[in-house]
Structures are given as C-alpha cells and as structure tokens.
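Open the model in your viewer and keep the selection panel at hand. We will go from stop to stop, selecting as we go.

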Amino acid sequence: MVTEAALSVDFAVILLSATLAGFVAKQTGQPTIIAYILAGIVIGPAVPGLFEIGELTELLSDLGLAFLLFLLGIKMRLDDIQHILSPIVKIALPQMAAVFLVGMGVALALPPFGLLEAFLIGLAVMYSSTAVVIKMLNDKDEATSLHGKIDVGVLLVQDIVVVIILAVLAAGRPDDLAQVATTLVVVLVLVALITVAAIVASRTALPVIFRRIADNKEVFFLVSISWAFLFVFVSANIDLFLAPLGITAYLSIEMGAFLAGLAIAQLPYSKELQDRVNPLTDLFIMVFFVSVALDLEASQLFAHTTEAIIAALVLIPAKFLIFFYLLDWQGFGSETTFLGSITMIQVSEFGIIVAAAGVQGGFIEPEVLGFMTLLAIFTMAVSVYFIEFSHQLFERFEPTITRVTSSGTFEGGKQEYQDHAVIVGYDDVTKNALPLLDEHYDDVVVIDRTVDHIEALEEEGYDAIYGDSRNTTIRKNAAIKKAAFVLSSSVEPAVNKALLRDAGESTTVFAEAERVEHARDLYDSGAHCVIMTPYFAADRFAAYLRAYLEEEPVLEEAIDEDIELLESPEPFPNTYERLGGGLDD
Amino acid sequence: MNGLEVVSMTDLLTAVSLMFIVMGPLLLIANRFDLPTVPFFVLAGLPLGFVIDLDLTLELAQYGIALLVFSFGIGIDVSAVRTVIVDSEIAALGQILVVGTLGALLGIAFGVAPTEALFLGVAAALSSTIVGTALLNSRPNNNFVRDRLSRSIHFVQDLLAVLFLLLLAAGTIAPGPLATVVGYGVALLVAAILINQYLFDLIGRLAGDSSELMILGVVSLLVLFVGAAELAGISIAVGAFAAGLAVRHDPVEYLGLFNGLKSIEDFFVAIFFVTIGALVTVPFIELGWIPSVEKLVLAGGLVLLTAVVKPAVTTAILIYQGYEARSATLTSLNTDQVSEFALIIAIEALLLGYLTQNVFDVIIFAAAVTMVTSSLTQRYDEQLYRALAERGLVDSRHGKVDDWSTAPAEMSGHVIIVGYGRQGQRLVETCEELGQPYVVIENDPARRETVTDQCAAVVVGDAMERYTWEKANVEEARIIVSTAASDVVSRRILSFEFDTDVTLRANSRTTAMELLDAGALYVTHPKILAGQRLVQQIQALIDGDLTPAELREEQQSELDTLAEHLPPHLR
C-alpha cells in the first residue's frame, strides 16, 4: 500500500534559493549559472546539515544534463557540421593532451599532491564544461554559429573520452594496459553503433512517425521525450544488455541523449521541438548547477583553497592559449579563433565526476575531490564572464588578435535573411498574397504549423519553417527583425504583439484581429494594417445583399468573379491580378 | 555525488525512463485514431505497475497533479465566471446532483461503503476539461451555443472539484474541521489574489526579458503555495489552484513564460497519469476471477451512468431551460466522460485512506473508458442527434419557439437572416436602411433579448428544424441569407429544397464549391473576401500609392468608423 508522499523539502529549498539568487544576479548583471552555483555553496557546505539530497533532486540534476545534451543534439544538423568534423578532431585530441600535461604539471608543483593525485588531476582538468558552454551559447543564441559548432564538437569528443576514463576508473585499478585498451575499443564501437542506429532511424522510421504526429503538439513533444529516454535507458543499461556476451562497458546517459537529439535534428520539425524542450532543460539544469557543490562538507571543499586558486590562475590562460593556437592552426578566422577559445577556458563538471570516481575507486582522498570541485566552480565562474563579454573583448583587442593569428579562410557562416517578407500562418487569407510578395521580395519565408502546408510550400520553392510563431526560436529563424514585410494570419493578440516587438523599425506589419479592441491595441503597438476578416466579410455580404435587393446587374459579375476565385487551383492562386472585388469599382 | 552515478542510473531515473519509453508507442496509437491521450497514459501505467517502485514516482506524480490544477487556475477568466454565474446555464448543473446521487446509489447497490460510494458519485458527475476542451478546440469554429454551454458546464464542475478536494482534507462532515479547511482555502485564495495584484508584475519586471527566470519565479510560487497547503494539511491541489490564480495573467506580455509552463506541465502530467495506471490492480492477473468480474461490472455501471444517463439528464435539463433540442444534445455529448479531476480526487482519497483499492480501480477504469467513448460520441454527435430525433427520443418543444418568436404569421417578400452575429447584424441594418422586411432566425437563448430588442421580426429556434422555417414563413420569402458558420447547418438548409434563393457561408473552399453545386445562389467564404482586400492593400504599398504610415492612418480611421456603428457586444 502506498502512502502519501510528502513533497521533498530539498527540492523546494534548492528551487527557492536558486530563484532568489537568480533574480539578484539578474539585477546586478551576473550570469544565472554563477547564481545557481553560489546558491548551492550557501545552502550546502556553508550551512552544513541543512538537508539531505533526495532522489528527486538527483533525478532532476541527472535529467538536467541529459536534457541539455538532448537539446544540443536537436540543434545539430549533420549537413551543417560535416565540413568541420576533421578540424574538430584535430583540435580536441592535442588540446586534451596539452591540458593534461599542464594540469599534471601544476598539481606536481603544488605541495599537497603526489604523482598519482597529479596524474588524476591532469585527467580531470582536460575537459571544458558542457553545461556552462552550451548553456551560455544557447542563452547568447550562438550554438549554431561557427565558433559555437567547433566548441560543441570539441566538447563531444571530450565527452567520449570522459566516458572511457570513467569506465576505466569504475573498473577499479586496471590489471594491465590491455584491459584499458579493450575498454576503449568497446566504448568506441558502442558509440559508433548507437550513432549509426540514430542516423538510420532519422532516415527511415522517424520521418514517417514524426510527420504523423507533428500537428499534435502534446503528442509530438512527449513522443520526442520518449525517444530521448529510450536512448538514455539503453546507454545507461548497456552493461546489462552486453553482459550475456561477456562484455563489460559503460556509456553516459548524456551521450545517449545527445544521439537521440541528433536523430531528430535531421527532421524538419526540430526547431519547433527546441522551444518545447528548452524550459524543461532550464529548470532541470538549474538543479544540476545548485547541486554541484551541494553534498560536499565544508572541510573537504575548502581543504586546498589556495591551491585551487593557483591552479585556476594557471589553467585558465593555458587553456585559452592552447585552444587559440590549435584553432588558428586549423585555419579559422581571427574572430572565430578568439571566440571559440575564450568559451572553453573552464574546468568541466566532468572533472568533478572523474575525481569522484577516483575517490570511489580508492585512488585519491576526498580532499582532492574538494580541490577539483572548487577548481571547477572557480574556473566556471570566471569563464562565464569572459563568455558573456566575449564580443566586447574581441572588439577591444581586435588589432592585437589579428596580428598574432594567421589569416583564416575557413567558411562556415550561415546565410541570413535581409529585407525579406515573412508570412506567419498559411491560410485562405494569406495565401492570396504569396505570389505578389514573391514577385516583389527576394525571399519569402512562411512559418506554419501544418506539415501539409510546409510540404506544399517547399515544393513551390518557398522557404518554409515548421513551427509555432509563439516560440522565440521560430521567430528568430525567420529573422523577423530584419524583414521588410511581415504578414500574420494569427488572430491571437499575444502572437501578434510578440511579432510587433520583434519587428524592426522599417518593417511593415500586417496582422489579423477578431475584435475591435484587439485591432486598436495592435495599431498602438505599431501595426500598419490590421485585417478584420469577420467585419470585412460582413460589409461585403451586406453590399451583396443590397445589390440583390436593388437588383443591380453588377452583382452577377461579382458573384461570378468570386466563384472563379473559389475554383482556382489550390494552394497557389496565381490570380491576384484579378482579385478586384467587383463591387468596389 | 558519487562517481558511479554517471555510469549507472538511479532507480528513479530508470522508472521515469521506462514510463516514457512505454508511453511513446501508445501515444502514436492514440494519435493515429485521433483519441484523447489520457487513457493511453493510464494504459502505459498498467504493465509498469509490476516493475517500478511507486513510492519513487509518486512525488513526481504529485507535481503532475499540482501543475494540472495550476494550469486550470491560470486559465480562469474572471469575466467568464461572472457570465456563468448570472447565466441561467448554472441551472444545468442540476445534473451534478442527479447523476452524483445515482452514482452513489450504484455504489451502495454493489455493496460499497457509503463513504466510498460518495466518490463514485463524484466521478460520475464531473466531466473532463482536458478531454472536453481538447475536443472543442479541435473544431475550426467554436463559437456555437453548445460550445459555450459545454465550456461553462466544465468550468463550474472543475471549480466544484477543487472545492471538493479542499473539503476532502477535513475528512469529516463535522462543521468544525470543515470550517478550518475552508478557512485555510480562503486564506490561500486571498494570498493568491494579493500576489496577482501586487507581486506578479514586480516579478515580471525583475525578470526582465529572461523567460528562464520568469519560469523559475513562477514555479517557485507554485512550490510555495503547494508547501503552504501541505503545512495547513489541505490538498496540494488547492494550493496549486491558488498559485494558478496568483499567476493568472494576459499571456500577451509573458508569452515565453506560458509556453514554458506548458512544456513543464506536459512532462509532469504525463508522469501523473502513468502513475495512476501503475497504481491500478490489474483484474484477472493480480486478482482472482470473482473479484475481477465484480470490479468490472461496477466499472461498467459507472461507465453506463456517465456515458448514457448523464448526457440524457443534461439534455433534459437544458431543454427544460429553453435550449433547443439539438444544442442541448450536442452539449451533453461533450460532457459524457469522467473528469481528470475525479482521478486527482481518487488518488488523494486513496492516499488518505478514504478509498479502497477496489473502488479506486473502478474509477480509473471508468475514466479511461469514458474518455475514449466520449471522443467517439463527439465525432459522431450530429448523427447521434439525428438518430435520436428521428426516433422521437429528444423532443423539440415547439411551444418555446412559438412563445419567443415575434415574426408575424403572414409575411411575404421578406429576407430571412440566419444568425445574429457580426454578419447578421450588418445584414439587418442593410434591410432596415432599404425598408426591406426581414426575419432573423437565432437559436441562442442567451442572445434572445438582444435580438428581440433590436430586430423587428425574430424566430428563436434552430435552423436545423423545419418548424423554425415554417415560423419564418419561408415559402413566401425573397431570399435566405445564412451567416451560420456550421457546414452541417448550411447543408441542412439546402436539403429542405425551399423554393427561394439561398446564400450561405462556408469555412473552406471545398465546402463552398460543394454548396454552390448543391444549389446555393452564392456562398461567402470570409477568408477569400479578406484575401482579396489584402492583396489590394499590399499592391498599393508595393506600387508606392501609399506609404506604410499613410496606410496605417487610413486603416485606423476606418476602424474608428466601424467601432462607432457597432453595438457594444460586437466590438
């Protein structure tokens, strides 16, 4: 018999303190990640014994990382990253080796650490923080920029390496090198297999399934999540599946989530999904950041404070320089090189996890874990400011940076819309305007939530974005701000006002409304023309009735014209020249 | 954090993963056959009950409950509350008393303890907002009388459900404890209203343009309210409802917030419904034959009561209220399912020990079944109504039509206008300007007074019924102008084959063509008309005849003229 589950206090405390800290950070211009980590330190080690971390908190924290990687996967269109795969590998591997050496060297130079500790510290500092980098890139909307893609690619290579190292550490002290090698091969094969499965699915089953469900918001969202959990589950339990074959292997749930997202990213519906997954990720990843420092004791966390600060001061510039050199070597432009490097200067949360596995495996003491935690927190905190102001820094130091970099030629930027027309919602009203707009503007982008419409539009050569215009990503993708003309068929004031907020100063905006007060409101917010279908139709209908009653001959002509229009083939009436409306003349 | 966590899942994560993995394929089936999702969540839960430890997921499920009620609270439209309360529609809630009593009696007849039978009554009486409104919203045009009626019936039932959840905490009908819980409930509501008035916009300002912080802030509010409810010893659902009221806001400014909350809600609510399914004791597998059959028979009784008796009672009450038979029947067919609120009440009662596993299972089964049957009765509602009407099972009560109509008996050469909305009103104006006699046919009793006041001749009745047309003296009319947006009504009007010109309104090009072929003189398709106008305006801009600023000025002054001519209810 189940009993009533009281809601956990720990989650409530984490949520409330993070919210409080988040709002304070917002007011003082600090990034929210810092607020979350600090909140964790305050309610954790600083006030020991406040509460125990329950299962729910652990779950949400795990889900935070998994969803973050899933979200990242959704954004990765293979066509977009194919051309940078090779430079990514060429950057990631030397980078890890170099940072490993620097990290181990620093640790050896510091008195408390012996050789084994230094070796493990070296292994733990090689990675940059997926959580920080991706969160910041998402917040700044740069995840799909060239430097964003490079960073994400490098992070994924690092993720594969960390999984391997964790697998080795989890097995305890390895007997010999052969065992390490076997683990390595098994993990690589598994990652390759799951990647292939994901890609095959994205070419075969997924397009059929998602086409069916795309028009049902709730089912679409939940089936996507279900797909993600399938990969998470398989990755996490891969050892169980492989046990009968006599193979021991581990994969991280993050890896599974990423690959699940990758499969969906290749479908035309992925943008819509980004905005649906984002809020859940934000909520869960908050729990992750708060709990980074949460379950350490103060004495462990602060055992080697000075050492952690020294290590951070060495590692931050070292990481930056190593990345900078490697990106430049691979021929990226000076701005990409700078932005790509400055983003990656922190020590990852995986460093903490590697250290924790080291403690578990009996390699190091909890104090070293405390040192790693502090180092990660400190470098993350510093890096967040660098990332936040990376563009300003680049502008400030541009002459110097250009002087030291070789001239990069690597292309990778995406083409952007400018002075185009955007149609929000394809329906019987807006479709009439399509050919006219197409004639006048270079690009016409249509946002719509119906799969059939999108397919028909693409067939006709229009740019179509599948998604709901309530979502920021969708509106950003259509580049509303730079559009010359926006035509919305939505009658929802909320959607239209969001469009008007996004629109640039020289954008002409047409919107629809059902009520007079809404129309007034839209004009006040800057709309140029508000179409009120029911009122307009009522006027027209009344005019026809008047013509009928007064037996005007013009009525028949008007009726014939309307009927001809009705008969014109869907969905693209090329008849706008004839759309006179007989009674107006 | 221990190192092994990365490589091995926690039990809870495994449980949640399994829930979603099992749910996925079932949702595909639901989508394929256009059925509501809730029964499929429950179905996904049934096998999971054997493998997952429910103590783990129960807390997540509680958040699901909280978010479900929370979003109901957010969605409440205060002005709608006022119209429902002044409207005679509230009397339609008499069905709750009738059906509730029958439900309780059914339980007692089956030997269920009276306290538990009460819950059966509640389950039978309350209808589902999720299923009901989802089905309503799936229709292109949902401003019909029956849609408005179903909405307000669902709305009042949901409010009653929250009240019931509040009272449940007292665990007794003694006035003392009841007064205490009501006191707590009122305190939460007052706090919510104060926060909504004074604090919410402040949170919005402080969050600036960050949807992330706004969502955190609002989820924190929810957790605070839920925590307060828990401290006070009342249902967390009541706390969540109050939190929803505190956050209730026009979505215009906080689009990101409300979109984000929807994702979070969908996630946790899915877990809640699956957990419900997992809590069920599966008959024949976990139970012997005899108790299984008993349970299914009782569930069958509840289904019968909800899916057959409830709509019958509701229809009868609505017809008695003066609604014509078709609206009444179609409305009732939107309320023939067990509510998700009944599920919340059931799980809370189970956890509090007021409900035995047996009755809990019965309620869940009945809910799952009726949610499916309800979506079917809605899909075929017109056909069902026709079938009932032809067998004389629903009475059309011409007496009311006679009482309410003001059309003179011997009219001729007149225009018959169907519907008194925006279009109907313009048409009436036109006729009056031209001195042309006309009759308005309107079927919404709520509009009766307005129509009778403003129009010279009115028939208050359903355009689907021949009798209504006889009252309007159709054989002598000059033209029929229907503004009804329902394709069913349009087809029906043509099928009478009156010897009069007919113009109709259609929602799609295909229907418009079909109606023209079937003999209509003209069919308006508002969107095509608006499209014509739009093209002219864009062309003017492109040709440089107008600047955007000039267009804007012209349009605004047109709007002002329009607004002056409109009666307030149509603005």
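Start by selecting V486(A): it stands opposite V509(A) in β5(A). Strands are DSSP runs of E of at least two residues, helices are runs of H or I of at least four, and both are numbered from the N terminus.

A word on the labels: this is a predicted model, where local features need pLDDT of at least 70, side-chain atom pairs count only at pLDDT 80 or more, and totals for chains, interfaces and linings use all residues. Residues are numbered from 1 along each chain as its sequence is written, while chains are lettered from A and ligands numbered from 1 in the order in which they are written.

**The sheet**

Now select residues 485–488 and 508–512 of chain A. These are strands β4 and β5, and they pair in the parallel sense over 3 bridges. (Two strands pair if DSSP finds at least two bridges between them.) Widen the view to the open sheet of 6 strands, in the order β3-β2-β1-β4-β5-β6 of chain A, with parallel pairing. Find the edge strands, β3 (463–466) and β6 (529–531) of chain A; each pairs on one side only. From one strand to the next, the twist averages 15°.

**Two domains**

Colour chain A by its domain assignment: domain 1 is 9–45 + 60–404, and domain 2 is 421–584. Such bounds come from an automatic or database assignment. The C-alpha centres of the two domains of chain A lie 45 Å apart. In chain A, 10 residues of domain 1 are in contact with 14 residues of domain 2. (Contact means that C-beta atoms, placed from the backbone, lie within 7 Å.) On the domain 1 side, the largest share, 4 residues, comes from α14(A).

**Across to chain B**

Axes are lines fitted to C-alpha atoms, for helices over the stretch in contact, and angles run from 0 to 180 degrees between N-to-C directions. Which residues of α14(A) meet α10(B)? Select P279(A), D282(A), L283(A) and M286(A); their partners in α10(B) are E212(B), I215(B), L216(B) and V219(B).

**The whole interface**

Zoom out. Here 98 residues of chain B are in contact with 109 residues of chain A. Last, select helix α24 (residues 526–543) of chain B: this helix gives the largest share of chain B's side, 15 residues.

Technical notes. Contact = placed C-beta atoms within 7 Å.
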